[in-house]
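Please read the following note beside the model.

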Amino acid sequence: MTMEFKGKAVLVTGGASGIGYATADQFAAKGADVVIADVNQAGLTEAAAKLSAQHGRTVHAVVCDASDADSCTNLVNEAVRLLGKLDILCNIAGILANGPTENFADETWLKVLSVNLNGPFFLSKRALPHLLETQGCIVNVASTAGLVGVPYGAAYSASKSGVIGLTKAMAAEYSRKGVRVNAICPGHVITPMTSKGGDFGPDTDMDLIYKLFPLTQRGSEPSEMADAIIFLAGAVNATGTILTVDGGQTAI
Ligand SMILES: NC(=O)c1ccc[n+]([C@@H]2O[C@H](COP(=O)([O-])OP(=O)(O)OC[C@H]3O[C@@H](n4cnc5c(N)ncnc54)[C@H](O)[C@@H]3O)[C@@H](O)[C@H]2O)c1
């Protein structure tokens with residue numbers, strides 16, 4: 001298994017924050033040439049500057065709205081222009097919105113599906129011609145919410161189940177053409193997405209929540225998700241793998 005990525009060209013969406021940032025950090029530490037993309041321009045600029053300083057070479061930044069097809073076309077073109085090729089696409093950008101289904105706004109449903117599911121499709125489709133050239137791979141970030149029902153999370157669960165389906169279908173389709181497609185399913189990770197209260201409200205008994213994760217009994221670190229993404233990117237015999245990295249949440 002390859003754990004060195006020297007000379008590999010890697011595109012990471014959601015790179016301004018959380019799991020995306022940690023993943024870009026680890027790829028850069030392992031010698032990869034990295035483009036990070038995000039809709040948050042200020043956060044992206046700051047993240048790219050920090051990563052470049054830390055690793056002593058440029059980590060490129062391209063603003064992209066993953067829910068917009070034209071923006072995804074521009075991102076893949078720019079990444080290939082900057083890096084000369086594309087070996088690895090990590091679809092990590094995502095949003096979370098919870099609420100009772102009977103009151104859930106149609107626009108919010110469409111937005112969640114659009115960022116979390118359309119985004120990985122738009123980007124994978126545009127990256128595939130380049131990945132076929134390099135015999136590269138895609139790693140998607142789904143969620144345990146795509147495997148088990150999460151109350152008040154219909155849109156998010158549906159979007160992440162969709163990512164799992166997209167991953168398996170593309171893995172099957174490209175298995176004889178040398179492009180691997182895998183996904184991780186994180187449980188609860190401490191990032192701005194969850195600490196803003198989008199996941200649990202401010203009055204939540206977090207000790208009770210952490211009992212859902214018997215191995216760790218805590219929220220996971222973004223770097224622990226990046227470890228699994230790096231593993232799948234280097235696991236040359238793995239395709240269609242849906243890897244739970246969830247502190248035991250779905251083991252019980
Ligand atoms: N944090 C968790 O507990 C958890 C659990 C399971 C899965 N995930 C998934 O992990 C991924 C990363 O989430 P995170 O926890 O690091 O959250 P985060 O909020 O720290 O990072 C998500 C990033 O995606 C970016 N983004 C949002 N909409 C975008 C768009 N339209 N186009 C481009 N970028 C966009 C945000 O600006 C942000 O930088 C998401 O797909 C999320 O659903 C997170």
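Which handedness does the crossing of helix 4 and helix 5 have?

1. The crossing of helix 4 and helix 5 is right-handed; a crossing is called right-handed if the near helix is turned clockwise from the far one by less than a right angle, and left-handed if anticlockwise. The model is predicted: local features need pLDDT of at least 70, side-chain atom pairs count only at pLDDT 80 or more, and totals for chains, interfaces and linings use all residues. Residues are numbered from 1 along each chain as its sequence is written, and side-chain values use heavy atoms, with hydrogens and water left out.

2. The axes of helix 4 (residues 106-134) and helix 5 come within 8 Å and cross at roughly 15°. Helix 4 and helix 5 are therefore roughly parallel to each other (angles under 35 degrees count as roughly parallel, over 145 as roughly antiparallel, 65 to 115 as roughly perpendicular and the rest as oblique). Axes here are lines fitted to C-alpha atoms, for helices over the stretch in contact, and angles between N-to-C directions run from 0 to 180 degrees. Helices (H or I, at least four residues) and strands (E, at least two) are DSSP runs numbered from the N terminus.

3. The crossing of helix 1 and helix 2 is right-handed.

4. Side chains of opposite charge can pair when their charged atoms come close. With a salt bridge taken as a side-chain nitrogen of Lys or Arg within 4 Å of a carboxyl oxygen of Asp or Glu, the count comes to four salt bridges. One of them joins R57 and D33, at 3.9 Å from N to O. This pair links distant parts of the chain, 24 residues apart: R57 lies in the loop between helix 2 and strand 3 (60-63), and D33 in strand 2 (residues 33-38). R57 is partly exposed at 30% relative accessibility, and D33 is partly exposed at 33% (buried means under 20% relative accessible area, exposed over 50%, partly exposed in between, with a 1.4 Å probe and protein chains only).

5. R81 and E78 also form a salt bridge, with their closest N and O atoms 2.9 Å apart. R81 and E78 are separated by about one helical turn because they stand three residues apart in helix 3 (residues 69-83). R81 is exposed, at 57%, whereas E78 is partly exposed, at 22%.

6. Another salt bridge pairs E224 with R218, with the closest N and O atoms 2.8 Å apart. E224 is partly exposed at 26% relative accessibility, and R218 is partly exposed at 31%.

7. On the surface, L147, V148 and V150 form a nonpolar patch with about 210 Å² of accessible area together. Patches are made of residues with over 30% relative accessible area and no salt bridge, like charges being joined within 9 Å and nonpolar side chains (Val, Leu, Ile, Met, Phe, Trp, Tyr) within 5 Å; accessible areas come from the Shrake-Rupley method with a 1.4 Å probe, and for residues only the protein chains shown count as cover. L147 lies in the loop between strand 5 (137-141) and helix 5 (154-174) and is partly exposed, at 43%.

8. Where does I230 lie, and is I230 buried or exposed? I230 belongs to helix 8 (residues 222-234) and is buried, at 0% relative accessibility. I230 and K30 are 200 residues apart in sequence, and their C-alpha atoms are 9.6 Å apart in space.
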